[in-house]
Amino acid sequence: MMIKKLLIANRGEIAVRIIKTCRRLGIRTVAVYSEADRNALHVQMADRACLLGPPEASASYLCADKIVAIAEKMGADAIHPGYGFLAESEDLITHCEEKGIVFVGPSRSAIASMGSKIEAKAIAERAGVPVIPGYHGGDQTVSVLKTEAEKVGFPLLIKASAGGGGKGMRRVDAAADFEHALVLAKQEAVSAFGDDSVLLEKLILSPRHIEVQLAADKHGNIIHLLERECSIQRNHQKVIEEAPAAFLSDAQKNDLYDFSVQLGKAIAYDSLGTIECMLDDQTGELYFLEMNTRLQVEHPVTEEITGLDLVELQLRIAAGEPLPITQDQVHATGWAIEARLNAEDPAQGYLPEVGQIIRYREPIAEGVRIDSGVQSGSVISPFYDPMIAKVITYGETRAVARQRLSTALGDFGLIGVGNNRRFLQDILDQPRFLTEPLTTNYLADVFPGGWDRLVDNTDLTALAAAVFQVMRLEEVTSGEHLSPWQSLGAWRLSAQAGEVGITSLLLVDETDHVHTIKLSGYGGCYIWHQESKTTTCHAAFTHQNELMIEVDGGGRRYEVSAEQGRILLLSDGDSWQLTPLSQEQAVAREQEAGLSGGTDIVAAMPGRITAIEKVPGDSVAEGEKVVLMEAMKLLHTLVAPVSGTIKGVYCEVGENVDAGALLVEIEADD
């Protein structure tokens with residue numbers, strides 16, 4: 001058969017990625033969206049789009065019956081689930097079968113056999129594929145799990161049986177911590193996958209995360225498309241991926257390929273899938289971890305080194321075509337590395353960020369590919385993963401691919417939401433990235449105290465914002481077009497204009513710090529009055545919204561604009577937002593700050609309250625757990641900032657709260 005119209009049961013960058021391939025193949029596309037995604041890029045790009053329901057995934061993207069009903073109504077031949085959501089859902093397959101719609105993915109039996117990590121490991125063992133020692137049994141009582149944990153030994157990992165992505169996974173270093181970690185793992189697992197079953201695994205202390213891409217058709221053909229390395233992870237979620245894997249011997253690669261194809265054949269696999277393995281860097285032993293019966297987030301690096309379009313391959317397999325290539329035709333050319341650009345703060349435990357993307361500009365350069373589902377104006381909401389884009393680079397060598405990726409991240413223009421761009425650059429710029437095998441301990445090893453961003457001179461940035469404000473004001477008050485690019489040509493200006501008195505400008509930055517910038521001068525030549533000195537500053541617009549600032553003989557270029565009452569600045573990939581304040585506003589802020597002692601627990605982002613450990617009148621110690629909140633598909637533990645007494649609890653279990661909401665009031669001890 002031929003697929004003529006495809007419904008994409010997903011959102012974000014993977015929906016956009018699938019649409020691009022469909023356009024090239026001449027396949028019409030239907031997008032689905034929640035109320036939160038009404039203006040999303042994938043909705044705009046598809047030929048047709050239909051509303052699913054409310055923002056919550058459980059009421060929209062996880063509703064198989066609604067999705068199939070829309071596909072039938074729109075005349076879609078097939079449904080592509082992308083990854084996440086319903087990508088490995090037998091329920092979706094059932095609905096597709098009932099309506100005669102093609103499911104772009106593997107057979108029901110393959111998904112069922114690999115859907116439970118417990119069952120998957122049993123199948124792997126029967127197929128002669130090595131697995132990590134641990135407990136994979138069906139008895140999930142706490143007493144049995146505690147006993148089995150003692151047998152496995154500590155440290156160990158608790159892992160959700162029904163899913164992946166780091167959800168429902170906890171490291172446990174001592175028996176005393178096991179029960180608490182088990183409760184959290186099970187809560188997260190049931191929230192993410194609807195199943196709280198877990199397995200226990202011996203913790204490999206120097207693990208490398210290596211995976212093999214499989215491709216199989218419905219005619220019994222199965223091949224591998226080489227390997228990927230995904231060892232750099234945070235919270236058990238991948239950060240940097242690359243293909244091929246470095247520092248692997250030919251013998252190790254062949255074992256990986258053989259194990260993977262062997263397991264694929266054991267379950268009669270018939271689509272694209274990934275065998276995830278762990279390589280003990282100390283012993284060289286290989287172990288099967290799990291199989292993902294879907295397209296992977298990191299599939300672009302395989303595409304870059306093989307020249308294959310994996311989405312096209314999926315579609316052709318689903319349409320019943322045999323594999324267009326044999327194993328002998330699969331070769332790696334060059335190197336590809338991918339970085340996940342997320343709306344999160346790595347310096348604050350990878351706390352997700354939410355908000356509107358005010359400015360979005362992708363880097364354009366040789367060997368650079370961007371897979372994204374956002375644009376300027378897009379909103380990063382608390383309902384879905386915080387991914388902004390995948391930045392993928394290709395090079396003839398690993399060193400070239402790494403350098404291109406670091407540069408591309410630096411050239412990414414992004415304002416409006418906090419993100420991990422600088423963190424990704426710091427990972428890549430470590431010397432050991434190129435010289436040593438990567439393990440999942442990489443981040444802990446290179447950032448032993450946790451990553452902390454080296455902040456640029458924020459006073460200089462505030463100066464640029466203040467100068468921008470003054471120069472725009474000069475234009476308005478003069479009644480003339482004083483923009484230097486129109487009237488003065490060269491960016492360096494003389495100080496011939498009549499100097500006026502000192503102007504004091506107040507600006508508050510994203511950290512809530514108020515900068516006081518005192519300036520005198522006019523027409524692009526100013527004196528910056530600081531506490532102990534004065535500094536000459538030259539400024540000019542070199543292009544519209546591009547401001548060059550020279551201070552003490554050093555120049556820096558800023559892309560700057562005023563939007564929504566804020567001044568937005570972008571320079572060398574870093575971004576800032578500063579809000580001008582009046583003197584009255586500054587005084588009011590100081591008064592508010594004096595009233596707030598910082599003793600309360602406040603929601604840092606929108607989320608759902610899942611547990612409350614204290615009631616009014618209870619005593620609490622600094623750092624003690626008080627509230628559990630689910631946001632961005634993960635559980636966040638909110639602790640007491642001070643020791644004291646619970647004065648009030650202003651939330652309930654199951655309640656959805658907004659960012660900034662007061663959850664618990666604490667009266668601090670004297």
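**Note on helix packing and strand pairing**

1. Start with helices H7 and H8. H7 (residues 142–152) packs against H8 (residues 178–193) at an angle of about 120°, and their axes are 11 Å apart. This is a predicted model. The crossing of H7 past H8 is right-handed.

2. Which residues of H7 and H8 meet? From H7 come Val-142, Leu-145, Lys-146 and Ala-149; from H8 come Phe-178, Glu-179, Leu-182 and Lys-186. By type, the residues of this H7 and H8 contact are five nonpolar and three charged, with no polar ones.

3. Now the packing of H1 and H11. Helix H1 (residues 12–25) and helix H11 (residues 310–318) meet at an angle of about 65°, with 9 Å between their axes. The range 65 to 115 counts as roughly perpendicular, and H1 and H11 are therefore described that way. Their crossing is right-handed.

4. The contact of H1 with H11 can be read residue by residue. H1 supplies Arg-17, Ile-18, Thr-21, Cys-22, Arg-24 and Leu-25. H11 supplies Leu-310, Val-311, Glu-312, Leu-315 and Arg-316. The residues of this contact divide into six nonpolar, one polar and four charged.

5. Next, strands E1 and E2. Strand E1 (residues 5–8) pairs with E2 in the parallel sense, over four bridges. Leu-7 has Val-30 in E2 as its bridge partner.

6. Is E2 enclosed or open? Strand E2 (residues 28–34) has six of its seven residues buried, so the rest of the structure largely encloses it.

7. Strand E25 (residues 514–522) and strand E26 (residues 525–529) run antiparallel and are joined by five bridges.

8. Cys-525 stands opposite His-538 in E27. A hairpin of four residues joins E26 to E27.

Conventions:
Residues numbered from 1 in each chain as written. Predicted model: local features only at pLDDT ≥ 70, side-chain atom pairs only at ≥ 80, totals over all residues. Heavy atoms only, no water. Axes fitted to C-alpha atoms, helices over the stretch in contact; angles between N-to-C directions. Helix = DSSP H or I, 4+ residues; strand = E, 2+ residues; numbered from the N terminus. Parallel < 35°, antiparallel > 145°, perpendicular 65-115°, else oblique. Left-handed = near helix turned anticlockwise from the far one by under 90°. Contact = heavy atoms within 4.5 Å. Nonpolar A, V, L, I, M, F, W, Y, C, P; charged D, E, K, R; others polar. Buried < 20%, exposed > 50% of the residue type's maximum accessible area, 1.4 Å probe, protein only. Pairing = 2+ DSSP bridges.
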